[in-house]
Amino acid sequence: MALAFDEYGRPFIIIKEQGQKARLRGLEAQKANISAGKAVARILRTSLGPKGMDKMLQSPDGDVIVTNDGATILEQMDVDNQIGKLMVELSRSQDYEIGDGTTGVVVLAGALLEQAEKLLERGIHPIRIAEGYEMASRLAVDHLEHISQKFEFSVTNIEPLVQTCMTTLSSKIVNRCKRALAEIAVKAVLAVADLERKDVNLELIKVEGKVGGKLEDTELIYGIVVDKDMSHPQMPKRIEEAKIAILTCPFEPPKPKTKHKIDIDTVEKFQTLRQQEQKYFDDMVQKCKDVGATLVICQWGFDDEANHLLMHRNLPAVRWVGGVELELIAIATGGRIVPRFQDLTDEKLGKAGLVREKSFGTTKDRMLYIEHCANSRAVTIFIRGGNKMMIDETKRSLHDALCVARNLIRSNSIVYGGGSAELSCSIAVEAAADKYPGVEQYAIRSFAEALDFIPMALAENCGLPPIDTVTAVKSQQIKENNPYCGIDCNDVGTNNMMEQNVFETLIGKQQQILLATQVVKMILKIDDVITPSAY
Amino acid sequence: MTVERLLKDEATEEKGDRARMASFVGAMAIADLVKTTLGPKGMDKILQSTGRGHNVTVTNDGATILKSLHIDNPAAKVLIDISKVQDDEVGDGTTSVVVLAGELLREAEKLVNKKIHPMTIIAGYRLAAECARNALLQKAKDNKRDPDKFKSDLMKIAMTTLSSKILSQDKEQFAKLAVDAVLRLKGSTNLESIHILKKAGGSLKDSFLDEGFILDKKIGIGQPKHIENAKILVANTAMDTDKVKIYGARVRVDSMAKVAEIEGAEKEKMREKVQKIIAHGVNCFVNRQLIYNFPEELFADAGILAIEHADFEGIERLALVTGGEIASTFDNPESVKLGHCKLIEEIMIGEDKLIHFSGVEMGQACTIVLRGASSHVLDEAERSLHDALCVLSQTVNDSRVLLGGGWPEMVMAKEVDDLARKTPGKKSHAIEAFSHALQAIPTIIADNAGVDSAELISQLRAEHHNDTTNAGIDIISGGVGDMEKLGISESFKVKQGVLLSATEAAEMILRVDEIITCAPRKRENRM
C-alpha cells in the first residue's frame, strides 16, 4: 500500500521495510483502538464507588501494591498498548488537575468509546461522532453548572468540607476511620490555605508514614516531622522555645571549587595548618552560638570533631536533612536557609515552640517533631498503619481528600454524588439531543447513554441490580424533577444524595466529562496505526 | 477482531474469582506453613539460605521463617508484611497473626462460595473485630499499682512467651533474666541498652545476666588489667594518623631530613593529643576508631587502659551506661563529662577474654551472656529472648494482662458469637465466621500438642459459657485447666495487635478482585 511511483513509473517505497511493521487502517484501526480503550476501562470499572474492589499489583521488582485509586492502578499496570497509554495519561491528568475522580474519568471514557463503536457500525463518520460528543459534553458541563450549589463553609464551620472529604474517602480501604481522616485532611488544608486568595499550596502539607500502630493513631501535627535524629546520641531530646539555624553548609573544612593545593614543606606550616583547622571548627560552632541558635539543622554531614564541639557547647544539631524538608522547616519556623556561616544573623533563625524526639515500637526508629512553629502554615500528616501497603494506600487516599478540600476552597460549587449528577446530565443531554438536526443527534444521544454507565457501574459494584436501579432512579429524577437522586450505595434507605450528604466538587465533575470527551475524540480521529514490529 | 494485547509481554492479569482464589490459596499456604510452629509444642523449621555457604537457621519464630521465604504470590506477601510489622511493633505473636489472618481468609472463602459479596464479609469482620477487642478490653487486668503482682505478671508473660521456644527447658531461668533486664530499663522501651552477647560453649543453663557491661574486646598489651574506680573517657576520634582535614593539603618535601622533621611533627601532634587525653585525669580510654601502636604505647606508659575499635553501638551503649559523653575534641578537660565505674577487669567466658565494667553509674543497661552448644542454638536463643524482652518492655508500658492458653480467643469467640446472633442481615454470617476463625487458634495449639482438639475445644466452649471462667488449654496435662492457677499469661498489647493486624490484612486481601503482575525486571546474568 505504501507504494508509490515516481515520474518514470518506477515503484518506490514510502515506509521502509513495511513488511516488518504492523499496520492497521480505517475502521479496523478505530475498532482496535476502541477495544483497547474499553479493556482499560473494564479493569477500573469494578473499583468505582464506595463498594468498589481493590486491585493487587505486583511491580517488576516484586513489591505488592493494593489500591483502588485509578491513577495508581494504571500507572503501575505496565500498559503496552498505545491507546491504553492514552487512557493512563487521561487518568493522570485528572489526578494532576483535580486529584480525585481518576477512576470515574476512565470509566466514562470507556463508556463513550463503547457507544462510539455502535455508531461506527452504523456507518457514521468518526468525525461526526466526535463533534456530537463535543456538543454533548458542552451541554453536560452547562447542565452541571446549573444543578450545582454553592455551599458555605468557614474556618469555624468545617462540617461541609469534612462531609465532602468523607465522600472521597468512603471508596478507599481507609473508610473505617474516614471521619477522623477527613477531619485531618480538612484541618490540614485550612491550616495552609490562603482564604483570601482562595488558594492552597498542597506542598506545605507533608504526608509522612511510619509502619506500626493503628490507622486511628494517624495524627495531624501543626509543624514538621523529620525522619532524623540528633547527630550525637547524648544531645537533649527536647528543646523548648527553640531558635533554629537552618544551614546548607557542612560542618567540615571548606572545599573550594577551584583546584588548589596546599603544600606542606616545613614543620611550621604543618603546625599552623593544624591550628587553623581547629580554629575553623571552633569558629563555626561559635558563630551558631553567637547568633543565639539553640538548634542547628543542617543539610550536610558533620565532622566528628565538629559534632563533639556542638555537643560540648550544648547546641543540639540534626544532620543530613533533605532539601525539601529543609525548605518546609524554613517556611514553618519563619527562618531563612543560610548557605554560609558568615551570613548567620539573629533574624535568620527560625523559631519553634517545641522540638522533640519521639521513638516508636521496639525497633530504634526515631523521628523529630518540630511543633508550635512561628508560622504554622506548614503542617504534617503522620500516618500510622498495620503495614507498608496500608500506609501507602492511606497516603494516596489522603492525597485525594486533600485535593478535594483544596478544590472546594478554590471554588465552593458542588454537585451531588452517587451518580446523581451523571443521571441528571444524561436526562438533560438526551432532551437536548432532539433539537440538533443531523447525524450529531445520534452522537449526542449516545453520549447521554454513556453517562448512564457510571451510576450503572456504581450499582453493580454495590451488588444492586444495575438496570433496575438506574432506570428507577432516572424515572424518579424526571418525575420529581429532582436532580439529587442517586444510587443508594450504602443501603441507607434514601436515594436523595442531599440527605445522604454525598457530594463532589463541580470542577472535578466538569473536568471528568471534558477530559474523557477529549481523549475519546482523539482516539476516534485515529485511522491509521503503524507499529514497528518487534525488534 | 481479536482484542489487542494491552499489557507487556510477560505481565499477567488475573480477574474476579480466579484472582480471589489465587490470593486465598497463597495466604492459606503461608498460614499452613507456620501453623505447626504455634504453641508450646510447636515444631521448628530448618531454613537453608540460597546464598553462599548455605547457612542453616533453626527457628520457630514466625517472623524469621517468613522473612527468609522467597514468595511470588502477592497475597502471601501481605501476610509476611504483617508478621514483620508485628515483630517490629510488639515483638511477639508473629506466628499467631499470620495464622489468624489465614483462618479468617479460609472462612471468607467458604462465604464467598456461598455467594456472599466480599464487601459484606468485610463489614461483618469489622464489626466482629471491634466487638472482640471490646471483650478483651473488659477482661484485661491491670496490676500496675501493685509492684509485686506486676512483677509476677511479667514473670508469667515471659514464661508463656518462652515456653514455645527453644528455651522452654530453662524457661524459669530465662524468664527471670528477661524480667530483671527489662525492669532495669525503668519503663523505657529502648532495648538497645540490653546487650545480648553470644558465646558458644557451655550449656544454655550457664547463661547469665550481668549487671555491668561487657565489651567484647581485648585489653592492650602492657596495660593494666584491673582498674578500680575507673574514670572512663569515651571518644570517637582518629588515633591512627591524624590527617589534616583541610582539603587539598599535601606534603611536599625536597629532602629526607624534611621528611623526618614532618614525621616528627606528626608524632609530636599525636603525643600532644594523648597528653591532652591524659590530662582529663582518666584511667580508661575507649575509642571507636583504631588506636595505633604508638599512642597505645603512650597510654600504656601512663598506666591508662586503652580500648580500640569498639563498634558504634558499643560506644553509644558504653556512654549511656557509664554516664560519660562521647568526645571528639580534648581541649577543655574540665567540661567533658567522664564516665565512671567501680571496677574494670578482664574476665574469661569460655575461651574468650572480655572486658567487664561493673558498678556502673546508670543502672539501666545490662548484658545478657548466652551460652550454648552451637551457634544455631545461640541464634535461636537470642531470637527467643528478644521476643520475650520486646513483649516485656511493651507490657511495662501498657500493663494490661490477659490469660493465655487459648483463653482470650475463646472469650472473644463467645462475644462475637453473641453479636452474630443479634445482628440481622448477611453480615451475621461473616461475624459467625470470625468467631470460627478465632476458635481455630486454640484448635491448632491443641493439634500441635498432639491432643484431641475436637474434644478439648468443645469442652472449652462449654466452660466459657460461664462468664468468669479461667479455662484454657493445659498442654502439659492435655486437658482443660485453670489458666490463672497455671500461671499462663499474655500481654494485652500483643493480643490486640494480633487481632487488629490480622483483620486488616484479611480485609485487604478480600477487597482484591484483580491481580496484575508486571513482567519481572530483567536481571543481568553476572555469571
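Domain 2 of chain A and domain 3 of chain A bury about 1000 Å² between them, 61% of it on carbon and sulfur atoms; buried area here is the accessible area (1.4 Å probe) that two parts lose on being put together, summed over both. On the domain 2 side, Lys206(A), Lys210(A) and Ala378(A) lose the most area to domain 3 of chain A, together 51% of what that side buries. This is a predicted model, in which local features need pLDDT of at least 70 and side-chain atom pairs count only at pLDDT 80 or more, while totals for chains, interfaces and linings use all residues. Residues are numbered from 1 along each chain as its sequence is written, chains are lettered from A and ligands numbered from 1 in the order in which they are written, and side-chain values use heavy atoms, with hydrogens and water left out.

The division of chain A gives domain 2 the residues 153-218 + 378-411 and domain 3 the residues 223-253 + 280-375, with bounds from an automatic or database domain assignment. Their centres, taken over C-alpha atoms, are separated by 29 Å. Ten residues of domain 2 of chain A are in contact with 13 residues of domain 3 of chain A, contact being heavy atoms within 4.5 Å.

Next comes a sheet in chain A. Its three strands form an open sheet in the order E9-E19-E10, with mixed pairing; strands (E, at least two residues) and helices (H or I, at least four) are DSSP runs, numbered from the N terminus, and two strands pair if DSSP finds at least two bridges between them. At the edges are strand E9 (205-211) and strand E10 (219-221) of chain A, each pairing on one side only. E10(A) pairs with strand E19 (residues 379-385) of chain A in the antiparallel sense over three bridges, and Ile221(A) stands opposite Thr380(A) in E19(A). Helix H11 (residues 388-410) of chain A packs on the sheet and touches E9 and E19 of chain A; its direction makes about 160° with that of E9(A). Such angles run from 0 to 180 degrees between N-to-C directions, with axes fitted as lines to C-alpha atoms, for helices over the stretch in contact.

In chain B, Thr94(B) is found in helix H4 (residues 94-113). Thr94(B) is buried, with a relative accessible area of 1%, where buried means under 20% (1.4 Å probe, protein chains only). Not counting residues up to four places away in sequence, Thr94(B) touches Asp61(B), Gly62(B), Ala63(B), Ser83(B), Gln86(B) and Asp87(B).

Conventions:
Buried means under 20% relative accessible area, exposed over 50%, partly exposed in between (1.4 Å probe, protein chains only).
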